[in-house]
Amino acid sequence: MTVDTLLYEGKAKKVYATDDAEVVKVSYKDDATAFNGVKRGQIAGKGAVNNQMSNLLFTYLEANGVNTHLVEQLSERETLVKKVQIVPIEVVVRNIAAGTFSKRLGVMEGVDLPHPIVEFYLKNDELGDPLITDDHALVLGLATSSELAALREQALTVNRLLQAKFAACQLILVDFKLEFGKQSDGAIVLADEISPDTCRLWDSETRKKLDKDRFRQDLGDVEDAYQEVFARLTAIS
Ligand code: C5P
């Protein structure tokens, strides 16, 4: 399989063409960024953990009826995925107050939300990925109202499934971000990744942060936290 033409390089991944027009190869990097690229660094081994963990979780979600872009893992860092057009909406689900929710609304980190909430953000680095309403998404032509409803429903289904998976390895799923992609036939599937870069995960007993907040907040032991999450998931899978 010819996989040498770089199509796109993002903050955490490179995407290459393959000899199948419907499939691309994703290669995960160790580069880490936070606060929309303002903070930069490297997390040793992150690419390998995020790739394998994301594939493990996408396989689990597929088995439970969620359509994803996953085709086949090639190596520790590399995976074949369906070529999709990414929907320019980042979908965030929150179970516990943290991050920008706490900052924006003045709710202390760690407070349980009465029910999970779904937020939409415009995927646009120049604008700093602003929070948007359904009306914003509609007038900007980002999605139709039935697509927005489908994104919200899929996100809540993924939340339910991931909460159960993480609970089984003594992790609390605080919040996470999803991205979706449109296939050439118009079908919308779960894309991008699910990893400690895109989820807040706390140890169920100690509430120790085991995710990218260790990098964002200079808490140390970043590599160990990523490895710990992956080890716990593989131990139960
Ligand atoms: O920063 P904020 O509290 O809005 O993030 C909510 C969740 O979405 C966190 O788990 C964070 O890691 C994830 N996120 C992400 N990529 C972004 C923004 C947020 O993975 N661009």
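In this predicted model, helix H1 (residues 46-63) packs against helix H6 (residues 222-236) at an angle of about 30°, and the two axes lie 10 Å apart. That angle makes H1 roughly parallel to H6. The crossing of H1 past H6 is left-handed. On the H1 side, the contact is formed by Lys-46, Val-49, Gln-52, Met-53 and Leu-56; on the H6 side, by Tyr-226, Gln-227, Val-229, Phe-230 and Leu-233. Sorted by type, the residues of this contact are seven nonpolar, two polar and one charged.

H1 itself has 18 residues. From its first C-alpha to its last it reaches 25 Å, close to the 26 Å expected at 1.5 Å a residue. Its buried residues are Lys-46, Gly-47, Val-49, Asn-50, Asn-51, Gln-52, Met-53, Ser-54, Leu-57, Phe-58 and Leu-61. An α-helix has 3.6 residues a turn, so residues three or four places apart point the same way. After H1 comes Gly-65, which has a positive phi, near 90°.

H1 also packs against helix H4. Here the angle is about 120° and the axes are 11 Å apart. H1 is therefore oblique to H4, and the crossing of these two helices is right-handed. Leu-57, Tyr-60 and Leu-61 in H1 meet Val-158, Leu-161, Leu-162 and Lys-165 in H4. This contact of H1 with H4 divides into six nonpolar residues, no polar residue and one charged residue.

H4 (residues 145-167) has 23 residues, which should span 33 Å at 1.5 Å a residue; its end C-alpha atoms are 33 Å apart, so the two values agree. Buried in H4 are Leu-151, Gln-154, Ala-155, Val-158, Asn-159, Leu-162 and Phe-166. The buried residues of H4 pack against H1 and against several strands: S9 (89-96), S10, S12 (171-182), S13 (188-191) and S14 (199-203).

One of these strands, S10 (residues 112-122), holds Ile-117. Ile-117 is partly exposed, because 15 other C-beta atoms lie within 10 Å. The loop between helix H2 (99-105) and S10 contains Gly-106. Gly-106 counts as exposed because it has 8 C-beta neighbours inside 10 Å. Gly-106 and Thr-157 are separated by 51 residues in sequence and by 28 Å in space, C-alpha to C-alpha.

Two loop residues remain. Asp-192 lies in the loop between S13 and S14. Although Asp-192 is not a glycine, its phi is positive, about 60°. With 24 other C-beta atoms within 10 Å, Asp-192 is buried. Asp-221 lies in the loop between helix H5 (213-216) and H6. The phi of Asp-221 is near 50°, again a positive value in a residue other than glycine. Asp-221 is partly exposed, because 13 other C-beta atoms lie within 10 Å, where a residue needs 20 or more to count as buried.

Key: Residues are numbered from 1 along each chain as its sequence is written. This is a predicted model: local features need pLDDT of at least 70, side-chain atom pairs count only at pLDDT 80 or more; totals for chains, interfaces and linings use all residues. Axes are lines fitted to C-alpha atoms, for helices over the stretch in contact, and angles run from 0 to 180 degrees between N-to-C directions. Helices (H or I, at least four residues) and strands (E, at least two) are DSSP runs, numbered from the N terminus. Angles under 35 degrees count as roughly parallel, over 145 as roughly antiparallel, 65 to 115 as roughly perpendicular and the rest as oblique. A crossing is left-handed if the near helix is turned anticlockwise from the far one by less than a right angle, and right-handed if clockwise. Two residues are in contact if their C-beta atoms, placed from the backbone, lie within 7 Å. Ala, Val, Leu, Ile, Met, Phe, Trp, Tyr, Cys and Pro count as nonpolar, Asp, Glu, Lys and Arg as charged, and the others, Gly among them, as polar. The expected span of a helix is 1.5 Å times one less than its number of residues. A residue is buried if 20 or more other C-beta atoms lie within 10 Å of its own, exposed if 12 or fewer, and partly exposed in between; C-beta atoms are placed from the backbone.
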